[in-house]
Amino acid sequence: ANAIRADKRRYTHKSESPKHFIDIENYGENAIDNMPSDWQKAVAKYSFDTLKKYGYVPYQILIEYDSLVNAFRQKKADSIIFYADDLAHYIEDANVPLHTTNNYDGQLTNQKGLHALWESTIPELELSHYNLHSKHKAKYIKDKPAVVWNAIKCAHDLLPGMLEKEKEIAKNFPDTSKYIEKMYYGRKTKVYSDAFAKQYAAALGSSINNQLINAANMVADFWYTAWVDAGKPNLKSLYQFTKKDKKQLCKELKAYKRNKLPQDNLLRARKE
């Protein structure tokens, strides 16, 4: 439930939205390679109003990281969980290609609805076939800005292929079968059909799954690095696991290692 808290804030706090994306094209030519790594330098170069307008998720990740380090130092369990969750959310957003462009929903290329298709519809349909197990071990990050901007660049580089493959699959679908209407918040909304989504997913191959794993590994690295930079505080006293907790954790870890979390009905996101 806490993983989507930052998204919920977008409906109650006007300042929240630009923390989730960056319309990199609007910052000038080769901006992805040339934007300052430091927040204050970015504000000085572009102005805060510009950053609010075009988004600043790379900087928000680093701001959130510093907050998590401080929470670890103070050994405040609630604060650690709060900032760890928010940091993870912004890192995950940075790994979504459509969070790195002004064509954020395919609206500029007559592919409106692409955002939900890539980010929600396809993962929900294909999750049981995904590899959710990673052998990655959390490692210390020396150059935090470099890792963040590399993630932005890798995600952004996927865009041309995503757009082109959608156009190719669309040749097989008239609008009557390409889209369906669904009710969202009491309103009818046109979205891509499941039939289209499945063909598009096949064309994309493992790219969505790869980004999912990349984001998870990056979250692990940033959490671990924040703990190290905080002085490796002993956190055992902050939460006492019950026998029931330990049994459930053991069960989930076994399923995770076998890549069977969805099949064993243990994936918490699915339950929520």
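**Stop one: a charged pair**

Select aspartate 264 and arginine 258: their side chains meet in a salt bridge at 2.8 Å, N to O. That term means a side-chain nitrogen of Lys or Arg within 4 Å of a carboxyl oxygen of Asp or Glu. Aspartate 264 counts as partly exposed at 33% relative accessibility, and arginine 258 is partly exposed too, with a relative accessible area of 49%. Here buried means under 20% relative accessible area, exposed means over 50%, and partly exposed is in between (1.4 Å probe, protein chains only).

Before moving on, remember that this is a predicted model: local features need pLDDT of at least 70, side-chain atom pairs count only at pLDDT 80 or more, and totals for chains, interfaces and linings use all residues. Residues are numbered from 1 along each chain as its sequence is written, and side-chain values use heavy atoms, with hydrogens and water left out.

**Stop two: buried charges**

Next, pick lysine 19 and glutamate 16, whose side chains form a salt bridge at 3.8 Å, N to O. Lysine 19 is buried at 19% relative accessible area, and glutamate 16 is buried at 2%.

Now jump to glutamate 166 and lysine 178, where the side chains meet in a salt bridge of 3.1 Å, N to O. Glutamate 166 sits in helix H9 (residues 159–170) and lysine 178 in helix H10 (residues 175–178), so the pair ties together parts that are 12 residues apart in sequence. Helices are DSSP runs (H or I, at least four residues), numbered from the N terminus. Both glutamate 166 and lysine 178 are buried. Searching the whole structure turns up 12 salt bridges.

**Stop three: helix H3**

Which residues of helix H3 (residues 39–46) are buried? Color Trp39, Ala42 and Tyr46 to see them. Look down the axis of H3: these buried residues fall within an arc of 60°, so they line one face of the helix. The arc is that of the directions from the helix axis to the C-beta atoms.

Turn to the face of H3 pointing away from its buried side, and you'll find the exposed residues Gln40, Lys41 and Ala44. Then show helix H4 (48–54) and helix H5 (57–74), which are among what covers the buried residues of H3.

Finally, check both ends. At the start of H3, a side-chain oxygen of aspartate 38 reaches to within 3.1 Å of the backbone nitrogen of glutamine 40. Following H3 comes serine 47, with a positive phi near 85°.

How values were computed: Helices (H or I, at least four residues) and strands (E, at least two) are DSSP runs, numbered from the N terminus. Contact means heavy atoms within 4.5 Å. A polar contact is a pair of N or O atoms within 3.5 Å; within protein, one must be able to donate a hydrogen and the other to accept it, and residues adjacent in sequence count only if both atoms are side-chain atoms.
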